[in-house]
Amino acid sequence: MNADSGHRKGEIAELKSQLRQLAGSRAPGVEEVKRELYKKVISYMTIGIDVSSLFSEMVMCSATSDLVVKKMCYLYVGNYAKVHPDLALLTINFLQRDCQDDDPMIRGLALRSLCSLRVMNFVEYLVGSLRKGLKDNNGYVRQVAAMGVLKLYHIAPTACIENDFVATLKSMLSQDPDAQVREWSRTVCVRWKRFWFWREPTVTVQTKIGRCYIASKSIKDFSEWAQCLVLDMVSKYIPVDPNETFDIMNLLEDRLQHSNSAVVLATIKVFLQLTISMADVHQQVYERIKAPLLTLISSGSPELSYAVLSHLHLLVMRAPILFSSDYKHFYCRYSDPSYVKKLKIEMLTAVASESNMYEIVTELSEYAANVDVGITREAIRAVGKIALNLCDVNAIVDRLLQFLEMERDYVTAETLVLVKDLVRKYPEWSHDCIAVVGNVSSKSIQEPKAKAALIWMLGEYSHDMLDAPYVLESFVDNWLEEDSPEVRLELLTAAAKIFFKRPPESQKLLGAALAAAVDDPDQDVHDKGLFYYRLLQQGVQTAESIVNPPKKAVSDFADIQNSEMRDRIFDEFNSLSVIYREPSYMFLDKEHRKLYEFSDEAAPTDVLPTQKLDANDNDLLLGAFDKEESQSGVSNGDDGPLSAPRSPSPTLLGDSVPPVSASNIPAAFGIDDLLGLNISTPPPPPPSLVLSSKPVLDSGTFQKKWSQLPVALSFEHPISAQSLKTTQPLLRHMQEKSVQCMASGGQSPTFKFFFFAQKADGMPGTGFFLVECLVHTSAGKASVKVKSEDSTFTAAFSDLFKSALSSFII
Amino acid sequence: MPVAASAIYFLNLRGDVLINRLYRDDVGGNMVDAFRTHIMQTKDLGTCPVRQIGGCSFLYMRISNVYIVIVVSSNANAACALKFVVEAVALFKSYFGGAFDEDAIRNNFVLIYELLDEIMDFGYPQNLSPEILKLYITQEGVRSPFSKPIDTRPPANATLQVTGAVGWRREGLVYKKNEVFLDIVESVNLLMSQKGTILRCDVTGKILMKCFLSGMPDLKLGLNDKIGLEKEAQVKARPAKSGKTIELDDVTFHQCVNLTRFNSEKTVSFVPPDGEFELMKYRITEGINLPFRVFPSIKELGRTRMEVNVKVKSLFGSKMFALGVVVKVPVPKQTAKASFQVTSGRAKYNASVDCLLWKIRKFPGQAELTMSAEVELISTMVERKSWTRPPIQMEFQVPMFTASGLRVRFLKVWEKSGYSTVEWVRYITRAGSYEIRC
């Protein structure tokens, strides 16, 4: 290693001296030598060797007429400028000189490199060159300059504003002398999108809308990639009336025929977002976009079809019926990569309906015989899900039971879990199922979930299975070898349940189970063991009524993802959110992200602000809750109200507590009381709210917060605004009530406002309330959506807001 | 959200960096390490082409022995980013003369840096059209097999092209002989059950063009698709000619096609790029003429023997023939040897893919060929895991046949100088994923 690095050092030193020799030389052939040397430097740079020590030599040699050498030099400088700003200063001179070159190619390249240096100190040098670039007579240079403004904005936003670049760009956008503004008015659009939030106060939403409209009219003049950006912008636009929506859609309809999948998806997003509030048109849009989407999944690389399928999945979840006749498109090919297969199986599950169920289940059964273990499992799970979602399960039960006969461990395991869920939902099938389950050899099952499922069924249907006590006995005998607490907990419950039904055969069994449980190292198992023990002391009847009460069939299993979440993902159509299936704040914000980080990466040590922590906890809780529901659900029916023992409760198990007689436990409520769960305390009265008179919130933060926070409250409120012609009166009125306006727009009879307010006593930067308010003057009402950073004050704030609206008279 | 790529990496299979280009500063420097440890070294490599590590999302694709990885730190447009990679690879291929692998990248890395500079700026995709880029990215690596630029104009004009209205074609092209080649290439996807019922069948077709035309020609293409014909009949106020018409499920066009005119007049009119390009793609699910039917019968005789009988019937016209027909019949891993009887072609057992391969160089139309094989299996001591029978797969090419029945009715070329052109039209149908369960 040492020798190697020494060797490298030697090489770099040699390069250095060679470059130095070349610097002043004008000998013939020197350009070729230079090119070779530069290539070497760049290849070192690429593989990660630090060649920054050559900086001054590289710059010295940069005077060349060879375009390729120049480009390599720019690349080199761009790479090391950030780490060596002092040295990079040397390059400014020659970059600026190149910006004046006769050749527009070189002018453009130099300007691009200059803007890409991204060093704060260079801003002053940059501004001059940029201004010249924007007025260049060559379109290529102007395009580069436009992009340069965006780069400048990222390192020094103030410089952008001071030099009024935005105004220049705007005028370029609308009246560039060059007829071929296509390529670079696009770049302006990019910028414009970035900037619109901070320009909001000066440019009203109205003109922005106009622009959107113009942009979509001239969309054909843009390159395909630029079209994606423009379409993305259009999708954020809220049309004034339905006619405008139709106009835009008519203009854009041909984009669905574009060969670039990115353009097609962007167009689809526009269609979906524009029509989101027009239910029947929205349905028609689904019909229209179906064919293009199905084309996209069958053409192109598997990676692309994966991205498209993810989007299709989202749509299918929203409108399953619409796609139910196209289920054949989701049949897997043998050669599909497994990530595509997995998605297709999910899709088949989602579109399954009474009419196509038989075909789909047949097809899924084929996959269950697949070589790939992962896909087999997915397929079986899918069959189970379809069974749970549809009422006519006749054919499916047979299939599932056939899986058990395939005698492959993972198939059996997966199927057992499903059969268990199935009999919980359809008790009428339990007899058929149990007959087959009874034949499953308990030895062949290794997976904890499957074991737990089998044990649950043994306990629950012990009257149908003759040898149930003996199977359970062998499980209890191997108590110590059983690694999973989940299985041991289940075993304990099953032992108790079987005891209630067949006491003579299983008394010993229960005794062994209880003894083992009390000695168990796992806290939950230990507690549950003791609990059962004491419960049994109160009499078998009492114990049975608690451990094994009569159960009702489960009507619905909880959905994994709630619909609000799905809506938020839908808002972020055509982005990573759809692929990850979570709104962007979940994977972009640090505080959320840690949940998804790899475990070997250290957890962040900084203390989170309490506010965020709360939200975080809620999410965590939500997640846990969902899991509990959708998971085996074993505890659900058996334990009834007794799920509490899983969380250790010192009150019950402490020795000082005298035994409570059974008669003292009349109802579940008593138990909760007993366990120290104080649920009767009323929630604290809502605290009073005072709003800050001068809240400070910039538009960027507003946008960020808006996208992060869930809608806390939405309501409609009457407003007397029949004669409202502009947004100003309401703005001023709300300002008096300490509610500030972030953005507003619209035309009579519909106006839209974004308001915000802040708690007076809150820390700076916290306690914000964000409001979206749609005013329909003709209907005399306002639809309001409130998002709040402090949920305790949401109600108080909305009351305030309502009263403010009520007092508005024009 | 636009793409906004923070960086793009080219890695070989060991995870060495071949090319890296940072476009933004919002990602750290150890991205390659993260990719290596969390994606390349995990077993489940095939899980997903979009992965998240830390705060960054990695969108990657493997092409031959190279990984192309795009790193983004925002909620980027994934479909667009992946499409960009696909297009970029096509661009590199056209520069390297078709090959794209580690060697090609190592040999052309300066060129790739030059291209990366042009095709993406600050993380936004720019012009990726090879035709235009080749005008001003001119290293030794440039090879344009289709067009020999007759006039070498100064690069000053090239920059105009970058922003030009017809971004895909430059002006002033001159050819001595004006020719257009039109290839209609269809691939048939089939999934058939054991019982011979068609579970799924569709055709994805594309029309490839090779243009060697002078000036700025306007082209108009007529097909026998239903909507187009009906529209024509309407305009000319005469009944549509009888004959087969095709219903296209969905069509997409190259950016040169005037989509407005397609929507209003249902004609495909365009100013073509120079050289080769893909004019349109289409998809059809109804009324497909299958070129082949396969009747397999596989019997397991005891634990060490299998009997395989496959009958293949060609359904296209007797004057036509298929080329390069391969029938792949999967057999268990523990196959020892196989003996064959075929009515045509050659068959052998290929242990590396666990298949019996039956190859027929030329398969005549309206014919029926069979292969029967006896397969011997190694008897194993352990209980043999039940064999999951993968589907039989077929490869073939049938020239002058379209499974959809699509035909070109006319191709009109109009240029202001009024030269005459020669048009060549070819049809070919290939197997896409042609699977028969057995």
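**Entry 1. Conventions**

I took the model as predicted, with local features needing pLDDT of at least 70, side-chain atom pairs counting only at pLDDT 80 or more, and totals for chains, interfaces and linings using all residues. I numbered residues from 1 along each chain as its sequence is written, with chains lettered from A and ligands numbered from 1 in the order in which they are written, and side-chain values use heavy atoms, without hydrogens and water.

**Entry 2. Chain totals**

I looked up secondary structure for chain A and found 41 helices and five strands. Chain B has eight helices and 23 strands. Helices here are DSSP runs of H or I with at least four residues, strands are runs of E with at least two, and both are numbered from the N terminus.

Of the 810 residues in chain A, 54% are buried; for the 438 residues in chain B the value is 56%. Buried means under 20% relative accessible area, exposed over 50%, and partly exposed in between, with a 1.4 Å probe and protein chains only.

I then checked contacts (heavy atoms within 4.5 Å).

The accessible surface of chain A is about 35,600 Å², with 55% belonging to carbon and sulfur atoms. Chain B exposes about 18,700 Å², and carbon and sulfur atoms supply 52% of that. Areas come from the Shrake-Rupley method with a 1.4 Å probe; for residues, only the protein chains shown count as cover.

**Entry 3. A helix pair in chain A**

I looked at helix α21 (residues 373-389) and helix α23 (residues 409-425) of chain A, whose axes come within 10 Å and cross at roughly 10 degrees. Axes are lines fitted to C-alpha atoms, for helices over the stretch in contact, and angles run from 0 to 180 degrees between N-to-C directions. The two helices, α21(A) and α23(A), are therefore roughly parallel to each other. The cut-offs are under 35 degrees for roughly parallel, over 145 for roughly antiparallel, 65 to 115 for roughly perpendicular, and oblique for the rest.

The residues that meet include A:Ile380, A:Arg381 and A:Leu388 in α21(A), and A:Glu414, A:Leu418 and A:Lys425 in α23(A). By class, this contact has eight nonpolar, three polar and five charged residues. Nonpolar covers Ala, Val, Leu, Ile, Met, Phe, Trp, Tyr, Cys and Pro; charged covers Asp, Glu, Lys and Arg; the others, Gly among them, are polar.

**Entry 4. The sheet in chain A**

I traced an open sheet of five strands in chain A, in the order β1-β5-β4-β3-β2, with antiparallel pairing. Two strands pair if DSSP finds at least two bridges between them. The edges are β1 (713-718) and β2 (740-747) of chain A, each pairing on one side only. The twist from one strand to the next averages 15 degrees.

Seven bridges join β2(A) to β3 (residues 750-758) of chain A in the antiparallel sense. A:Gln740 has A:Phe756 in β3(A) as its bridge partner. Helix α39 (residues 699-708) of chain A packs on the sheet, touching β2, β3, β4 (768-776) and β5 (781-788), and its direction makes about 85 degrees with that of β4(A). Helix α41 (residues 794-806) of chain A also packs on the sheet, touching β1, β3, β4 and β5, and its direction makes about 20 degrees with that of β1(A).

**Entry 5. Strands in chain B**

I found a four-stranded open sheet in chain B, ordered β14-β15-β20-β17 with antiparallel pairing. Its edge strands are β14 (292-301) and β17 (335-342) of chain B. Neighbouring strands are turned by 15 degrees against each other on average, direction ignored. β17(B) pairs antiparallel with β20 (residues 368-377) of chain B over seven bridges, and B:Thr335 has B:Leu377 as its bridge partner.

Next I checked β18 (residues 346-350) and β19 (residues 355-364) of chain B, which pair antiparallel over five bridges. They form a hairpin with four residues between them, and B:Asp354 in the turn has a positive phi of about 55 degrees.

In β11 (residues 250-253) of chain B, B:Asp250 and B:Thr252 point one way, B:Val251 and B:Phe253 the other, and all are buried. B:Thr252 stands opposite B:Lys281 in β13(B).

**Entry 6. One residue**

B:Val110 lies in helix α4 (residues 109-119) of chain B and counts as buried because its relative accessibility is 5%.
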